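Please walk me through this structure.

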Amino acid sequence: MGFVHLHCHSPFSFLDGGSQLEELVRTAAEAGMDALAITDHDNLCAAVDFRRLAEIHGIKPIIGVEFTLQGGFHLVTLARGARGWSNLCALVSRSHLKNQRGQPRLDPGWLEELGEDLFAFSGCRCGEIPSLLLRGEKSQAKSRLHFYRRVFGKRFFLEIQPGFLPGDRMLHSSLHELARETKTPMVATNNVHYAQKSDFWVHDLLICVRTRTPLSKPDPARPLNAENYLKTPRTMRRYFRHIPQAIRNTERIASECAPLPPFGENHHPSVNLPPGASSQGHLRRRVYEGARWRYGRITPEIEKRLQHELGIINKMGYADYFLLVEDVVRFAREKGIRYLGRGSAADSAVAYCLGITQVDAIARNHLFERFMSPERGEKPDIDIDFDARRRDEVIKYVYDKHGADRVARVATYQTFRGRSAIRDLGSVMEYPPEEIDALAKTLPAGSRAGDCRHLIESLPEFVNRRDSDSRWDGYGKLLSAVEAVGGFPRHLGTHLGGLVISDGPLREITPLQMSGGGEVISQFDKGGVEDLGLIKLDILSLRTLSAVDDTVCEIKTKEPDFSLDRVSMDDADTYRMIGRGQTVGVFQLESPAQRALQARLQPSCLEDIICSVALIRPGPIKGDMVEPFIARRQGDEPVTYPHPLLRPVLKKTHGVILFQEQVIETAVRVADFTPGEADRLRRVMSHKRRGGEMNELRALFVCRAQQRGLEEKVAEEIFSSIEGYASYGFCEAHAAAFGSLAYKTAYLLCHYPAEYYAALLTNSPMGYYPPNTLCTEARQRGVEILGVDVNASGAKFRVEGRNIRISLAQVKGMSEEALQSILRAREESKFSSFDDYWRRTRVDRDVTENLVLAGAFRRLDDNRRGLLWRLPPEGGKGGLSEPREGIEDFSRWEKAQWERRILRIDTDGSMFGLLRPRLQGMGVMTVRRAKKAPDGRRVRVAGEVVRPHRPPTRSGRTVVFFCLEDETAMIDVTVFSRIYAEYGHLLFSPQAAFLVVQGEVQRRGRGVSIVAEKIFAPSET
């Protein structure tokens, strides 16, 4: 006689499951169980991954939910079949959407409508019936049992669990008696919350996080022992040897449950189909209309490519998907909303003809199979970026078009990261809050929880502090805990732009709940909704598009016929600017690594920009693709090809395999692979898989190449060549989509710097650099930054002549209400005095104080201290005090500090200008002067540290890069590992705002940087 665990919690019970899902499944399989049920609290988030893992480990997945009822009681349910799955989805959705967010409650009355095809158990001690029995209310318990028996019939079971808690003996006796009196079957469970007994401490710790309970204090939610682990069938049989039918029932229930959820069924909605038309036929018609729009004449080459793509799209059943995406972008075009189709979708000529992407896949010879392949069988994924300010219009259109009951946002599973784990666990483990906060802030942003121990034990900013602070010795337990929860889901989040759309009510296909932002979301992430046969649209936002739109609108006020789509893609001035590395603010080309690359590469065509987008990525850098590419592009190294057959494939990348599409095309040309087979090869190589699959593909590649006349040795060499680069290659289609936008933003910066930088500043935060850096760069181009002015500044940064006026919205604390109050009053007439402003606006004291400190009234009265004196006391209301004579104003230095603090902008560079005499006394030169120094010259510069970061390097050693900015310019600084070990604590401490760097000037191409030898704070001299 076997046993199946039918009441089991995964980590998707969110802070109530102490083992990873895979560990639970693997443990069940190793224990010899044929099946396992996952019954998480009020959600089905684990269902898709659980089904996949169960198939891998050869056990049957049973999907269930432990619902929270009104009154806080629990009820365990399992889906028997497809109808049961649908009912579970509907019940989960109702329990969330009809109650306050975060407090799902199931009304038992709903079960009379939606209880079909479900098993139900009375639950643990928190179940309604067990709770009543524990309180001695047997008649009420029997009454509730009759209700559940009426709803579920023989599919309702009284649940019994091993007795390890006070009162369990009495509870078991009462359950036995109730079962005998009502002839209700019993089922044995263990209310599993972790795989092994040794995982109990993790479960307990997570519950403390959920309940915000310190480890030293008790809480009713905390478990009293470590018995809720996934016990073996033998152990469970021993516990329940006196009621073997409760064990047998687990197998009977498991045998009656179908393996769910029912994946693969198509739930695609039809869009704009004319009467009697099919999706396939309508898509073909729209594609050919688009082809005539794009090409004018449909050549045999275009015809062949379109027929090929349409054949694959129709075969895979995605005609509806393409029509849906086309409908969305058509709406955007009609409304004048800028958008950019990107990713591997730019490998598709169909997408280009439908207006989804702007990359001509035929002209660029992109391979469609990188995007869609029957052999791969994966669903197509089209990512579209929209103007960030208007993306919500697009999302609203989708909801209006398809109905709110058929559209929802896609979820994300927010896992414990390094910083969040340190804060959450450190709090319940009762470390001092200030220590935990400092520790978390010093961790690199985005660090994985599992990497925290290594980082803290190796990074200089931690090592130096640990050596000087004995308290750091006590962090061992915390780091062990952080490692243990690494990768655990912390809570459900909302995908940035993913929408799921169905052909019927979503609540019957996927469980729904309310997000923190008030939107209805599926409980599945993007992979899960696609596995359920649902269409996912990625409607993303890109602030760059907002900045581009603002720039173009400003240009059109002076040049009405200007069109960004008609600018020359071969503008010499633009390429010269890029070649000087002057690309701060240029989309995709502004990072220090990109600016250094452009100064060496000297791009002269769009193809160079596209390659640049792909080159500065972790993969190509680690794969040593950058240096060979530059050397060959500059003629310092001969361009060679592994075989003459590959010349057409690798010519545009100078013999370097840079793009994933080149791997596919190599396999097609050399070994006669089908495009789908070649993409499978690319994917296997990209994931660095070894062993049987790789050896099989190598043998097939060499055999096919020999059949085409290549020698075995040559075929082996070609395979090894592409194998070495494939894992680092980038998607060419994506690079092409981004490369075009990168060039156009560079064109705007080159020819319209004031308009472009004003737009970037209005749409900040975006890009790589803070507002002050953008202002410094603007000044290098002759654009002055004009201070905020209550009579001249608007809601956006605006262009005045060739200068930029800081916006009122940039003032710290400025609310939309306060902003509109100022603008409305100013429409009547400009403010004549500070009193006039105070009388005619409804701006509170705090915002007005910031306006004063930022210098917004300088043209009315620039005695800022005097104006502050006139304001009513904090929290007070009423009129201004009368002006008072003799109040001494702030010093120039104090004014500069206040402006920087409130605006995040040093308006005229005066902060550094005022420090300059002192810096000169320390032997510090300006950055502008240092950039003119010859190669190898040792210099000392000072400035603000901008974006220190530690990107991956080919050697694997930690190298820090940052920018140092003063009032004259900005320069890149490189800190190699030895220097980083000594000074890293300065770079990544909260006080690392202003530093002095001593080092050697390094010139590479037209780029200049400093290799640091010493770093210190000005106060150290």
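A residue counts as buried under 20% relative accessible area, as exposed over 50%, and as partly exposed in between (1.4 Å probe, protein chains only). Valine 1008 is buried, with a relative accessible area of 15%.

This is a predicted model, in which local features need pLDDT of at least 70, side-chain atom pairs count only at pLDDT 80 or more, and totals for chains, interfaces and linings use all residues. Residues are numbered from 1 along each chain as its sequence is written, and side-chain values use heavy atoms, with hydrogens and water left out.

**Around valine 1008**

Valine 1008 sits in strand E21 (residues 1007–1016). Strands (E, at least two residues) and helices (H or I, at least four) are DSSP runs, numbered from the N terminus. Contact means heavy atoms within 4.5 Å. Leaving aside neighbours within four places in sequence, valine 1008 is in contact with Lys931, Ile971, Val1001, Gln1002 and Arg1003. Serine 686 is 322 residues from valine 1008 in sequence and 35 Å from it in space, C-alpha to C-alpha.

**The six-strand sheet**

Strands of a sheet pair through backbone hydrogen bonds, either parallel or antiparallel. Here two strands pair if DSSP finds at least two bridges between them. Six strands form an open sheet in the order E1-E2-E3-E4-E5-E6, and the pairing is mixed. Strand E1 (35–41) and strand E6 (186–188) are at the edges; each has a single partner strand, so one side of each has no neighbour in the sheet. From one strand to the next, the twist averages 30 degrees. Angles run from 0 to 180 degrees between N-to-C directions, and axes are lines fitted to C-alpha atoms, for helices over the stretch in contact.

Strand E4 (residues 118–121) and strand E5 (residues 156–160) run parallel, joined by two bridges. There, alanine 120 stands opposite phenylalanine 156 in E5. Helix H2 packs on this sheet and touches E1 and strand E2 (60–68); the direction of H2 makes about 155 degrees with that of E2.

**Two packed helices**

Two packed helices are described by the angle between their axes and the distance between the axes. Helix H1 (residues 21–30) packs against helix H2 (residues 47–57) at an angle of about 35 degrees, and their axes are 10 Å apart. Which residues meet? Leu21, Glu22, Val25, Arg26 and Ala29 in H1 touch Asp49, Phe50, Leu53, Ala54 and His57 in H2. By class, this contact has six nonpolar, one polar and three charged residues. Ala, Val, Leu, Ile, Met, Phe, Trp, Tyr, Cys and Pro count as nonpolar, Asp, Glu, Lys and Arg as charged, and the others, Gly among them, as polar.

**An enclosed strand**

Strand E13 (residues 535–542) runs parallel to E8, with five bridges joining them. Here aspartate 387 stands opposite leucine 542.

An open sheet of three strands has the order E14-E16-E15, with mixed pairing. Its edge strands are E14 (785–786) and E15 (798–800), each pairing on one side only. Strand E16 (residues 803–805) pairs with E14 in the parallel sense over two bridges. Isoleucine 804 in E16 is the bridge partner of isoleucine 785.

A nonpolar core is a set of buried Ala, Val, Leu, Ile, Met, Phe, Trp, Tyr and Cys residues joined through side-chain atoms within 4.5 Å. The largest one has 102 residues, and Ile804 is among those with the most contacts inside it. Helix H33 (residues 732–751) gives the most to this core, with 12 residues. Apart from it lies another core of 79 residues, including Trp110 and Met186.

**Backbone details**

Serine 764 and proline 765 are joined by a cis peptide bond, with omega about 5 degrees.

| Residue | Phi | Relative accessible area |
|---|---|---|
| Asparagine 272 | near 55 degrees | 40%, partly exposed |
| Glutamate 430 | near 65 degrees | 42%, partly exposed |

Asparagine 272 lies in the loop between helix H10 (244–256) and helix H11 (279–295). Glutamate 430 lies in the loop between helix H16 (418–428) and helix H17 (433–442).
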